[in-house]
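Dear colleague,

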Amino acid sequence: MKGLLVLVVALAAGAVIGAETWEKVADGDVVIRVRMRPDIPGGREIWAEGELDASIQDVQSALRDHESFRHWMPYVTESRVLASGPDGSRVTYTRLNLPIISNRDYVLKVVDEQVLAADGTGEFRQKWVPENQALPARKGVVRLLHNEGSWLFTPRGEGKVHFVYRFTVEPGGSIPGFLAGLGQKDAVMDTVRAVEKRARQLATERASAR
């Protein structure tokens with residue numbers, strides 16, 4: 001999803017991984033693993049886990065405001081909510097302007113499976129699946145047909161949150177061979193750090209409004 005960005009390019013890169021084998025591509029504050037999805041041509045599943053220097057309330061606010069993604073999420077040039085359901089689910093449209101390759105877009109059904117309690121306690125869990133029938137493919141833009149995943153955030157003390165970010169996406173269209181050196185970890189880290197930065201901006205705005 002939400003998020004996923006230049007990784008659309010990076011997913012076509014890297015070594016071939018066994019169908020059930022996770023390859024660790026980053027270790028440290030954020031651990032990133034990748035494995036092939038043999039049921040999706042060109043698809044890979046990504047698992048990133050780590051800690052953000054932000055409050056879980058602000059992270060939740062950032063990721064529930066899809067309309068604003070175009071202002072802060074890497075490579076997103078268009079982000080719209082097409083429809084909202086009575087259960088709080090929403091159908092969203094996102095368009096990416098990626099370097100070198102043609103633009104990509106995707107349509108998702110996003111569900112907040114668990115939100116924070118009124119007092120700010122608990123966990124935040126968000127899930128998304130493709131909803132391609134909600135909007136016809138657009139001329140000159142490659143539609144990403146497979147884009148599914150989830151975020152799970154758990155508070156870790158004052159101003160800290162642990163996250164698990166898992167998703168599967170395929171690059172779509174034709175990817176030039178010379179892009180094979182692009183790494184998955186940079187793309188994922190761009191998304192994770194953008195979420196952290198946006199959450200901290202929201203915290204600053206809240207403090208200034210008091």
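How many nonpolar, polar and charged residues does the lining of the largest pocket have? The model is a predicted one, and in it the lining has 5 nonpolar, 6 polar and 6 charged residues. The pocket has a volume of about 250 Å³. Its lining is made up of 17 residues, and those nearest the centre are Ser 55, Ile 56, Gln 57, Glu 158 and Gly 159. Two or more lining residues come from each of α2 (56-64) and α4 (184-209). The largest share, 4 residues, is given by α4.

I turn now to the aromatic rings. The count comes to 8 aromatic pairs. One of them joins Trp 22 and Trp 47 edge-to-face, at 5.4 Å centre to centre and with 75 degrees between the planes. This pair links distant parts of the chain, 25 residues apart: Trp 22 belongs to the loop between α1 (7-10) and β1 (23-26), and Trp 47 to strand β3 (residues 44-52). Trp 22 is partly exposed, at 24% relative accessible area, and Trp 47 is partly exposed at 22%.

By contrast, Trp 151 and Phe 153 are buried. Their ring centres lie 5.2 Å apart with the planes at 20 degrees, so this pair counts as stacked. Both rings belong to a cluster linked by ring pairs, which also includes Phe 124, Trp 128, Phe 163, Tyr 165 and Phe 167.

Finally, the ring of Trp 47 has charged ends sitting over it: that of Arg 33 is 5.3 Å from the ring centre, and that of Arg 166 is 4.6 Å from it.

Yours sincerely

Definitions and conventions: Residues numbered from 1 in each chain as written. Predicted model: local features only at pLDDT ≥ 70, side-chain atom pairs only at ≥ 80, totals over all residues. Heavy atoms only, no water. 1 Å grid on protein atoms, 1.4 Å probe; cavity = no way out; pocket = protein on both sides within 12 Å on 5 of 7 lines; lining within 4 Å. Points joined across faces, edges and corners; volume = space filled by probe spheres on them. Nonpolar A, V, L, I, M, F, W, Y, C, P; charged D, E, K, R; others polar. Phe/Tyr/Trp six-rings, centres within 6.5 Å; stacked < 30°, edge-to-face > 60°. Buried < 20%, exposed > 50% of the residue type's maximum accessible area, 1.4 Å probe, protein only. Lys NZ or Arg CZ within 6 Å of the ring centre and 35° of its normal.
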